[in-house]
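Okay, thanks for coming, everyone.

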Amino acid sequence: MNRTRRPLIAGNWKMNHGGASACGLAAEVAKRTREFDAVDVLVAPPFTALAAVAHELDGKRVDVAAQNLHPKDNGAFTGEVSAPMILESGAKWVIIGHSERRQLFGESDVAVSEKVAAAQAKGLRPIACIGETLQQREQGKTLAVVGWQPERFVKTFAEKPGYGVIAYEPVWAIGTGRVATTEQAQEVHAAIRERLAQISPELAEKTLILYGGSVKGSNAAGLLGEADVDGALVGGAALDAGDFAAIAGAAQALSAKLR
Ligand code: PGA
């Protein structure tokens, strides 16, 4: 964490919690994080719960994100949801290019960059995910992968430095209980920031780079203590309001100390 960037803790609920139970979890998250004034917090429920959760969180400190979007505003795209629809639901953010979308639904870097551009153009803040597979790490390709994955979307990020967020999520650490060491996370985050600095120092300084992959209350402080780790994208632990609030609490404590 660094004093110039306000940390963000984002909870990705994936395909868990429909409307009623989503509202309950959102209310509990808001309650447990309401004193945290040095960290931003958001939750990403499934599409069908977006509007209800946004309504539940109205006037509270916790923001809402969608987990995906279609780059077009409307049209014959069965099963898809657009940026204007997401905004209308009350969400202000969108997660794009999560490794599950890339691996299970064939989302390419081109698709990710189109979605990032569409989100930003409509006023929906993008959280673009990148990260290497276990095989790529074992082959020593980690830094190359996180170098080329953002190539297309960083141009959009550069138009509005600090608006878009990058989430570094090593695929081998997602939902596996295997977490990157603090050194591994910092090494990759620093490399990503260096790449952003080649575009502009302002972009590098303002862009939040979140870590994701088996973040829990018990390991958050170590990861967030690294200079280039500006927050977390949390999956499993985000389904437990207590554990999620503990992660946000770790960010709050570190951030408050820096201010
Ligand atoms: P995890 O998921 O925290 O369950 O590893 C992270 C993510 O997929 O964003």
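This is a predicted model: local features need pLDDT of at least 70, side-chain atom pairs count only at pLDDT 80 or more; totals for chains, interfaces and linings use all residues.

Just after α5 you get glycine 123, with a positive phi of about 90 degrees.

Next, strand β8, residues 231–234. Are its faces covered or open? Both are covered: Gly231 and Leu233 are buried on one side, Ala232 and Val234 on the other. β8 pairs with β1, residues 8–12, in the parallel sense, over four bridges. One of the contacts to look for there is leucine 8, whose bridge partner in β8 is glycine 231. β7, residues 209–212, also runs parallel to β8, and two bridges join them. For glycine 212, the bridge partner in β8 is leucine 233.

Okay, charges. How many salt bridges does a search of the whole structure find? It finds 18, and I'll show you a few.

Take aspartate 230 and arginine 193: their closest N and O atoms are 2.7 Å apart. That pair links distant parts of the chain, with aspartate 230 in the loop between α11 (220–224) and β8, and arginine 193 in helix α9 (residues 182–199), 37 residues apart. Both of those residues are buried. They also belong to a network of salt bridges that links Arg5, Arg193, Asp228 and Asp230.

Then there's arginine 6 with aspartate 40, a salt bridge at 2.9 Å, N to O. Here too the pair links distant parts of the chain: arginine 6 sits in the segment before β1 and aspartate 40 in strand β2 (residues 40–44), 34 residues apart. Arginine 6 has 33% relative accessibility, so it counts as partly exposed. Aspartate 40, at 32%, counts as partly exposed as well.

Last one: lysine 31 and glutamate 28, with the closest N and O atoms 4.0 Å apart. Both lie in helix α1 (residues 19–33), three residues apart, about one turn of the helix. Lysine 31 is partly exposed at 47% relative accessibility, and glutamate 28 is partly exposed at 26%.

That's what I had, so over to you for questions.

How values were computed:
Residues are numbered from 1 along each chain as its sequence is written. Side-chain values use heavy atoms; hydrogens and water are left out. Buried means under 20% relative accessible area, exposed over 50%, partly exposed in between (1.4 Å probe, protein chains only). Two strands pair if DSSP finds at least two bridges between them. A salt bridge is a side-chain nitrogen of Lys or Arg within 4 Å of a carboxyl oxygen of Asp or Glu.
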